[in-house]
Structures are given as structure tokens and as C-alpha cells.
Amino acid sequence: MNAAPLRTYRFGPLDRSGLVLGLSGRQCTALGAGVFLAGWLLDSHAPPPLLLAPLLIAVTLAFAKVGGDPVCEVVPVWVRFATRAVTRSNRWLAPIRYHRAGPTASPIVELPPFMAGLTVIDAGPAPWTRPVRLAGVGVVVDRRTRTVSGTLRAHAGGFCLVDRAEQERLVAAWGDALAGFCREGGPVSSVRWTEWMAPTGVDGCEGFLAEHGTGTGDAVGDYRRLLAAAASASTAHDVLITVTVDQRRLGGRRHGAGDAHSAAVDALLEQLHLLTARLEGCGLTVDPPLSPAELADVIRRRFDPHGAVAVRRPESLAAAAGVTAAHRATPLATDAAWSHLRVDGSAHRSFWVAEWPRLEAPPNWIEPLLLHPGAVRTVSVVYEPVPPGQSRRQVDREATKLVSDEEQRVRSGFRIGARHRRQQEALAEREAELVAGYAELCFAGFLTVSVPDPNQLDEACAGYVQAAAQAGLDLRRLDGRHDLGLLCALPVGRGLATRRAG
């Protein structure tokens, strides 16, 4: 009996066809502005050196590369960072205020600029959990983007240890769970999973040995040497799945401000329930949605993992019941440098996944990155469900653009490269999958590395960049935008702007 063929996965290339001859919109704008200004100077009878200046500047902006990107693509980042530096908004300190007296009084919660507009509310207990927990569901309300987000904690049960067939089944089940969000008029604007890893050490084992390991025999010595060897590789992993619902997608019904908010929270709880059922149906273990207290602790730990881990307080009865102070999740100080973001006692550096594996990959292809021991790090992937109708329109539009780009290259005497042909093949495969009934999601990946001292970032990041390369990932540092990378590593539903419907 022939064994079933092994299933592999392949990621499509990033669309780099541009508007004209592979040039992006900003490159075309820079060249057009340079030509227009040079023509105006020519009509004004300007001297030749002055006439050539706008052309040289335009060519430099369009074609000179900085870190692999054209200058015109990174200029907005430079301007934004310089503006923040001049206005001193890159550094933020939370004001220290008095607490108001009274049983219902609460302190005013101040947030850093990149988190402005976010708040955590208690949406009440989730009715589908068995047994029903006393703690309610923690919901992150984003007033800026008019979204609400809730988070689940999932356990895969040793994905790396099961056989190849089981890994393929789990990956297919995860795809089916995400496909449930890809429907016309669906309220879900994004889904993200974050995998947080931190070294744990073997303090518990050493304490047990000190208490019960009497004697100086060979067994005790061997156990001590085993603990010493395992200390550097002992890690804890935490996987969270965050679902975000957009208030503006609730079926075109007319609501007041309060009704729209309540409807969005109800829709979010429904989507969390459906996702829980789909994941449990494929054999995953899913905990109830995080309570406000749990959500605050997760955000705090990822903001400042070294300060939060250093001080471990026993959980109070109020926290166990889901009653928590909002300021527990907020930092006291942030400092946005070009190469990192400092939050309280931790420094963070974020990377964007610019290229995914180009070759056929097995289901466990990302193991080298997820299992690499080192500093505290978070791997996050943000998905945006695409309705089937929008997917078909995008395929038609991109096919037309590729054909036009190929004709323009032929007329201009440019060769048709392998990347262009690979994009055409990927688009044909994508169209065939849509016709077969598969769902489509846009996605973006990020890696955030956290250390207590910024001077340790280069060494800590080098190992993860090498592990990512072993997995077939090309990482690009988010210089000047590390606050964006950290936001994508948090279960708050904010980070990337939602793509407009096509």
C-alpha cells in the first residue's frame, strides 16, 4: 500500500510589480515632481546647474537604496522620527497623580502616544465556558480605530513532537479555523497570534533539590550537573490568539454610539465562541478568554518582561475575580530611539518579515525560530480576512497589472525576469485556489526581541536573525518604528492599518 504523499507549503512572493516598470507610487511621484520642477526652471531660463538639481534629487530619491529600500520609501519614516525628536514626543513619562478617595473612584490612566485611545473593559462572563468563570472577558476598546478585541490562550500539545501526518492535520485545521472569518460582511477585521518565549531557569528544581536532596552521592551530583546543563535551554512559551471586530462592519445597521459599542462587543464574544469551538474541534486546548486582570498582566509582562519577572506578587482575590486596576497594564516611561524602544526596564527591537520561505516547506518549517533559546522574544503574525468577492476583484486587478507591466517592459526593451514570471505563476495558483473554494487572508509577520540593557540587543538579535534565516525568513529591522513592532506583539488589536476593500 502506497503511503500518502507528504504535504508541503509555499508562500507567494511579495508583489513588487509597482505602477510602471516596477516603480512604486512614491518613486513615480518623485520622478514626476523632479521632471516638472526641471521643466519649470527651464521655462524660467535658470542656469544649467540649477536646472539639473531637481533631476538629480529625484533620481536619488527614486533609485538610491537605504537598507534595501528606495530613499523615497524611508523619507516618511525619517520625517516622522525627526518630528518626534524635535518636539520631544519620543520620550514619555507617566504623570504621578493622587488617587481619589471613595469606593467607586479610580485613578486617571495615562498611556504612551502609540497606545492613545486604548482601554480595557470587562464584558462580563463568557456564557459558553464550562464551568462559567466568575471573572469576565477582558475587551480592548480602541476608540481611534473603532474596534474591539478579545484574546484566547491556546495550547498545541507538543506540535514538534507529533508525527508528520498529525502536523499536517493541525496546520490544515488552523487554516480551516481562520477560513471561518473570510466571509462577505463579516465583522472580524483582523486575527493575530503571538508566541511569547522567555527563559525560565531551573530555580524550582534547584529549590526542590536543596530541600529534599540530602547526601553527596553520585546521583545527587549527576542531577546537579543535569540542572546546570538544562538551565540555559529552559524556556516558557505562551500562545495567544487575538480577534478584532470592527464596529463599522456590523451589517449596515444604524446604532447610536452606545448601541454600536454594545453590538461590537456582542459580535466579538460570538466570534470568540465560534473560534474556540473550531479550535477545540481539531484537538487544540483553548482556555476561556482572558479576563481584564489576565489581559493586564500579559500586556505588562510583554511591555517589561524583565521588570515584571523580577517581581512576582501573589495573586489577590480581586485579581482572581477579574477585578483589576487599569494602570497595572500601563508603563511608567517610554523612550523611542531609532534602533530600539525602551519601556520601563526593558529595551525592545522589532523586525518585519520581508520575505517568507521561497522553497517548498514542511509543516514544522518555523521550528528553528520558535525553538531557538535566547533572550525574551515574541513572534507575531497578523491576519486580515479577505471576503471572496474582494479576493476575486484583487486577482483580476493584479492579473491586469502584471500583463500591462509585461507589455510595457517589452515595448521599453526591458527583460522579463524570473521574479515577474514567479508572480504570474503564484497569481494563477491563487486564482485556482479561490475557484476551488479556499479562503484568502493577507498576513504580516513580526519578531520582537526584549533585553534589559540596550547594549545587549545586537548580540541577542544576531542569534534570532540567524535562526530566522535557517527557517527561510528574511528579517528587516523596523528602525524608527519599533513602537509599531511592539504593538503587533501585544494582544490589543492595533498595529497595522486595515486594507481598504477592493
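This is a predicted model: local features need pLDDT of at least 70, side-chain atom pairs count only at pLDDT 80 or more; totals for chains, interfaces and linings use all residues.
Strand β14 is largely enclosed by the rest of the structure, because 10 of its 12 residues are buried.

**Strand β14 and its partners**

Two strands pair with β14. Strand β13, which covers residues 376–386, is joined to β14 by 11 bridges, and the two run antiparallel; within this pairing, proline 385 stands opposite leucine 441 of β14. Strand β12, spanning residues 346–355, also pairs with β14 in the antiparallel sense, in this case over 6 bridges, and tryptophan 352 is found opposite phenylalanine 446 of β14.

The loop between α13 (418–436) and β14 (440–451) contains glycine 437. Glycine 437 is exposed, since its relative accessible area is 63%, which is over the 50% cut-off for that class. The C-alpha atoms of glycine 437 and proline 388 are 8.8 Å apart in space, although 49 residues separate the two in sequence.

**The chain as a whole**

The chain contains 15 helices and 15 strands, and of its 502 residues 42% count as buried. Its accessible surface comes to about 27,000 Å², with 59% of that area belonging to carbon and sulfur atoms. When contacts between residues at least 6 apart in sequence are considered, 79% of them join residues at least 24 apart.

**Nonpolar cores**

The largest nonpolar core has 58 residues, and those that touch the most other members are Val148, Ile241, Leu275, Leu279, Leu369, Leu447 and Val449. Helix α7, residues 257–281, supplies the largest share of this core, with 9 residues. Another core, of 20 residues, lies apart from it and includes Val298, Ala336, Val343 and Leu487. To return to leucine 275, its contacts beyond the neighbours within four places in sequence are with Leu152, Ala177, Phe181, Ile241 and Val243.

Serine 190 is placed in strand β7, which runs over residues 188–199, and it counts as buried because its relative accessibility is 11%, under the 20% cut-off. If residues up to four places away in sequence are set aside, serine 190 touches Thr242, Val243 and Thr244, and also Val382, Tyr383, Glu384 and Pro385.

**Salt bridges**

Side chains of opposite charge can pair when their charged atoms come close.

| Glutamate 73 | Arginine 26 | 3.6 Å |

The side chains of arginine 26 and glutamate 73 meet in a salt bridge. Arginine 26 belongs to helix α1 (residues 25–43) and glutamate 73 to helix α3, so this pair ties together parts that are 47 residues apart in sequence. Arginine 26 is partly exposed, with a relative accessible area of 42%, and glutamate 73 is likewise partly exposed, at 25%. Helix α3 spans residues 71–86, and apart from residues up to four places away in sequence, glutamate 73 touches Ser24 as well as Arg26. Glutamate 73 and leucine 61 are 12 residues apart in sequence, and their C-alpha atoms lie 8.4 Å apart in space.

Glutamate 195 is buried, with a relative accessible area of 6%, and arginine 377 is buried, with a value of 0%.

Aspartate 238 lies in strand β8 (residues 235–246) and arginine 302 in helix α8 (residues 292–303), so the pair ties together parts 64 residues apart in sequence. Both aspartate 238 and arginine 302 are buried. Elsewhere, salt bridges that share partners join Arg80, Arg84 and Asp483 into one network.

Val35, Leu52, Leu55 and Leu56 make a nonpolar surface patch of about 370 Å². Helix α2, residues 48–63, gives the most to this patch, with 3 residues. Leucine 52 is placed in helix α2 and is partly exposed, with a relative accessible area of 48%.

How values were computed
Residues are numbered from 1 along each chain as its sequence is written. Side-chain values use heavy atoms; hydrogens and water are left out. Patches are made of residues with over 30% relative accessible area and no salt bridge: like charges are joined within 9 Å, nonpolar side chains (Val, Leu, Ile, Met, Phe, Trp, Tyr) within 5 Å. Accessible areas come from the Shrake-Rupley method with a 1.4 Å probe; for residues, only the protein chains shown count as cover. A salt bridge is a side-chain nitrogen of Lys or Arg within 4 Å of a carboxyl oxygen of Asp or Glu. Helices (H or I, at least four residues) and strands (E, at least two) are DSSP runs, numbered from the N terminus. Buried means under 20% relative accessible area, exposed over 50%, partly exposed in between (1.4 Å probe, protein chains only). Contact means heavy atoms within 4.5 Å. A nonpolar core is a set of buried Ala, Val, Leu, Ile, Met, Phe, Trp, Tyr and Cys residues joined through side-chain atoms within 4.5 Å. Two strands pair if DSSP finds at least two bridges between them.
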